[in-house]
Amino acid sequence: MIYARSSVAIAAVLSFSTQSEAFFGPMKTPKNVEKPKGPGRSIVDGTTGLPGDVGFDPLSLANIDIPLLTSDTSRSKTAILRDYQDAELKHGRLAMLAAVAFPLQEKFNPLLAAMFKLPNLVEETDGLSPTVLNGGLEQGPIPFSVITFGFLVALVELRGIDIKRAEGDNWVIGDYRSLRIAEPGTEQFFKLQEGEIWNSRIAMMAILAYVAQEFVSGISTANTIPGLGA
């Protein structure tokens, strides 16, 4: 229990640290990605200039192109890597939302259910969030909510595809033409991109940890967070 609480606290400190530039290293200017310098060497080598590139790709997966939305099999390494980072960012944004919602629903769903006389959706799982491993996904409004959320995500994805095609070479990774607090191409914008990428990665690892520790220990994530648990 102490270890779980410490892990959550450390993740929170890293995720919301105001010293992001010092933690993530010196700022870099995005540039075109060259081909690998040797057989099997990854194009992700810490010099691409893309946000979050620390040169970690031991299996050289970034070199593999999976052209789902194009028939062009001779795309540049830059285009391939930008698509991969766009996918990483999308998953990370969902993970950041889930990382917050996961413990909050365990804490507040029983309270709100009792207050408004609604079904307690974590009762079947003994206070754990409904997941594939924990069970409980068949209850009441959960299947409809999952389908609805998937439909809304698909609409956002289609919007992103339209923007990407319209912008061409000027397309910004993860851009949905929403409110901006910095202009693309500036150091501030790149710093914000790096912060979002790293928070996304931490959130994806956190969600995996939530699900695994609940399945193994039977202890709800909410009860491992200081100030939130019972």
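Tutor: In α4, the buried residues include I142, G160, I161 and I163, where buried means under 20% relative accessible area, exposed over 50% and partly exposed in between, with a 1.4 Å probe and protein chains only. Keep in mind that this is a predicted model, where local features need pLDDT of at least 70, side-chain atom pairs count only at pLDDT 80 or more, and totals for chains, interfaces and linings use all residues. Residues are numbered from 1 along each chain as its sequence is written, and side-chain values use heavy atoms, with hydrogens and water left out.

The helix itself runs over residues 142-167, 26 residues in total; helices here are DSSP runs of H or I with at least four residues, strands are E runs of at least two, and both are numbered from the N terminus. From first C-alpha to last, α4 reaches 37 Å, close to the 38 Å expected at 1.5 Å a residue (that is, 1.5 Å times one less than the number of residues). Just after α4, G168 takes a positive phi of about 65°.

Now for the salt bridges, each a side-chain nitrogen of Lys or Arg within 4 Å of a carboxyl oxygen of Asp or Glu. The structure holds 6 of them. In one, the side chains of K164 and D83 meet at 2.4 Å, N to O. That pair links distant parts of the chain, with K164 in helix α4 and D83 in helix α3, 81 residues apart. K164 counts as partly exposed, at 26% relative accessibility.

Another salt bridge joins the side chains of K90 and E157 at 2.8 Å, N to O. Here too distant parts of the chain are linked: K90 sits in helix α3 and E157 in helix α4, 67 residues apart. E157 is partly exposed, at 27% relative accessibility.

What about open space? The second largest pocket holds about 870 Å³. Of the 23 residues lining that pocket, the closest to its centre are A98, Q105, P130, V146 and F149. A pocket, on a 1 Å grid over the protein atoms alone, is an open set of points where a 1.4 Å probe fits, with protein on both sides within 12 Å along at least five of seven lines; lining residues have an atom within 4 Å of a point. The volume is the space filled by probe spheres set on the points, which are joined across faces, edges and corners. The elements giving two or more residues to the lining are α3 (77-116), α4 and α5 (187-217).
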